[in-house]
Amino acid sequence: MKLKDRKKLLTIMEIQEVSRRELASIAGWKSHSYMNRLCNGEVDTLQPEPALRIAKFLGVAVDDLFLTKVEEKSGQPENKSGKVRAA
C-alpha cells in the first residue's frame with residue numbers, strides 16, 4: 001500500500017498524541033526506524049497488514065491514509081504473469 005499524504009498522517013498523530021514509536025509497535029514492527037522513514041517521506045509504501053493496523057488504531061478509514069490499488073503506468077491491463085496484454 002502507498003501512503004497518500006504523510007502530512008495528514010503526522011497531523012492525526014499529533015492531534016491524538018501518538019508517537020512514531022507507538023505507531024510502529026501498533027503496526028507490528030520491532031523497530032520504529034521504518035515509521036520514521038515513512039513520516040520523513042523517505043519511503044511511502046508498506047504492507048497491507050501494518051496499514052490496516054495503523055488506520056484502525058487512529059480511527060480512520062484505510063482509504064483516508066493509503067492507496068489500496070496501484071495504478072498501471074501504461075494503462076494496459078496485465079495478465080497473471082505481469083506482462084501487458086495486447087489490446
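## Conventions

Helices (H or I, at least four residues) and strands (E, at least two) are DSSP runs, numbered from the N terminus. The model is predicted, so local features need pLDDT of at least 70 and side-chain atom pairs count only at pLDDT 80 or more, while totals for chains, interfaces and linings use all residues. Residues are numbered from 1 along each chain as its sequence is written, and side-chain values use heavy atoms, with hydrogens and water left out.

## Fold and surface

The protein has five helices and two strands, arranged along the sequence as β-α-α-α-α-α-β. Among contacts (heavy atoms within 4.5 Å) with a separation of 6 or more, 52% join residues 24 or more positions apart.

The accessible surface, computed by the Shrake-Rupley method with a 1.4 Å probe, is about 6200 Å². Carbon and sulfur atoms hold 49% of that surface. Of the 87 residues, 25% are buried; buried means under 20% relative accessible area, exposed over 50%, and partly exposed in between (1.4 Å probe, protein chains only).

## Nonpolar core

A nonpolar core is a set of buried Ala, Val, Leu, Ile, Met, Phe, Trp, Tyr and Cys residues joined through side-chain atoms within 4.5 Å. The largest one has 21 residues, and the members touching the most others are Leu9, Leu23, Met35, Ile54, Leu58 and Phe66. At least two residues of this core come from each of H1 (6-15), H2 (20-27), H3 (33-39), H4 (48-58) and H5 (62-65). H4 gives the largest share, four residues.

Beyond its neighbours within four places in sequence, Leu9 contacts Leu3, Leu23, Cys39, Ile54, Leu58 and Leu65.

## Salt bridges

Three salt bridges are found in the whole structure, each defined as a side-chain nitrogen of Lys or Arg within 4 Å of a carboxyl oxygen of Asp or Glu. Lys2 pairs with Asp44, with the closest N and O atoms 3.5 Å apart. This pair links distant parts of the chain, 42 residues apart: Lys2 is in strand E1 (residues 2-3) and Asp44 in the loop between H3 and H4. Lys2 is partly exposed at 35%, as is Asp44 at 32%.

Glu49 and Arg53 form a bridge at 3.5 Å, N to O; they are four residues apart in helix H4, which means a separation of about one helical turn. In the bridge between Arg37 and Glu42, the closest N and O atoms are 3.8 Å apart. Arg37 is partly exposed at 37% relative accessibility, whereas Glu42 is exposed at 53%.

## Aromatic pair

The whole structure contains one aromatic pair. Rings of Phe, Tyr and Trp (its six-membered ring) pair if their centres lie within 6.5 Å; planes under 30 degrees apart count as stacked, over 60 as edge-to-face and the rest as tilted. Tyr34 is partly exposed, at 25% relative accessible area.
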